[in-house]
Amino acid sequence: MDSSADAAPLARPKSPSDLFIAFTLLALQGFGGVLAIAQRELVERRRWMSNEDFVEEWAVAQIMPGPNIINLSIILGSRYFGVRGALAALAGMVTIPLLVLLCIALVYAQFSSHPGVAGALRGMGAVAAGLIIAVGLKLFPALGNNTLGLPACTVLGALSFAGIALLRWPLALVLLGLGGVACVLAYRRLAP
């Protein structure tokens, strides 16, 4: 982690329009998943959040219904400009990307049976998995400031991976089970 970047004070969006533009650009860069791009854009480039804030807000966004990045945009927009900010960030996430997606869907309908298209999609899946792993490794040190501490977070993360990827348990079951355990442990550590 870059300690000089962590020492600088956090910035804030100038207006709801600033949120709209930022989230539009973020959404246009992140087809198939925007975790890596969101972290770079919101934490490193714009400095609207610290790594620790990003990890906490991303965790909240993941347990809420709906797409994680949409939830994060609403949380961040609301933090700075209330309902106007939440709506501006949400509009930035969906308006122009929706138009682009509709155009891509029309093109895909024409060429979906071509073997090159199928191969390209498989390759993009591998790239997306690599991006998620890279961001996870980049954000890992931020867990040191978590209430549970790095060792407990590591164990819970490994158990989550094992439950979902290896044992093929339903995500909701793992989230409720291990999430409940994490909540109880955090409550105990925070209790006076």
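1. Ser-50 lies in the loop between H3 and H4, and with 18% relative accessibility it counts as buried. Buried means under 20% relative accessible area, exposed over 50%, and partly exposed in between (1.4 Å probe, protein chains only). Leaving aside residues up to four places away in sequence, Ser-50 touches Leu-10 and Val-43, where contact means heavy atoms within 4.5 Å.

2. A word on the model, which is predicted: local features need pLDDT of at least 70, side-chain atom pairs count only at pLDDT 80 or more, and totals for chains, interfaces and linings use all residues. Residues are numbered from 1 along each chain as its sequence is written, and side-chain values use heavy atoms, with hydrogens and water left out. The chain averages a pLDDT of 87, and 95% of the residues score at least 70; pLDDT is the predictor's confidence in each residue, from 0 to 100. Over residues 1–5 the pLDDT is below 50, and this stretch has six contacts in the model beyond near neighbours in sequence.

3. Helices (H or I, at least four residues) and strands (E, at least two) are DSSP runs, numbered from the N terminus. Asn-51 is buried at 6% relative accessibility, and its side chain joins that of Gln-39 through a polar contact of 2.9 Å.

4. Gln-39 brings us to H3. Eight of the eleven residues of H3 are buried, so this helix is largely enclosed by the rest of the structure. Among the buried ones are Leu-35, Ala-38, Gln-39, Glu-41 and Leu-42. The buried residues of H3 pack against H2, H4, H5 and H6. After H3 comes Arg-47, with a positive phi near 60°.

5. Now the core. A nonpolar core is a set of buried Ala, Val, Leu, Ile, Met, Phe, Trp, Tyr and Cys residues joined through side-chain atoms within 4.5 Å. The largest one has 36 residues, and Leu-26, Leu-42 and Phe-54 have the most contacts inside it. Helices supplying at least two residues each include H2 (16–29), H5 (68–111) and H8 (171–190). H5 gives the largest share, nine residues.

6. At 0% relative accessibility, Phe-54 counts as buried. Residues that Phe-54 touches, not counting those up to four places away in sequence, include Leu-35, Gln-39, Met-49, Leu-72 and Leu-139. Phe-54 and Trp-58 form a stacked aromatic pair, 5.7 Å centre to centre with 15° between the planes. Rings of Phe, Tyr and Trp (its six-membered ring) pair if their centres lie within 6.5 Å; planes under 30 degrees apart count as stacked, over 60 as edge-to-face and the rest as tilted. Being four residues apart in helix H4, the two are separated by about one helical turn.

7. Lastly, Ala-88 in helix H5 is buried, with a relative accessible area of 13%. Ala-88 touches Pro-16 and Phe-20, not counting residues up to four places away in sequence.

Technical notes: Polar contact = N/O pair within 3.5 Å; in protein donor to acceptor, adjacent residues only side chain to side chain.
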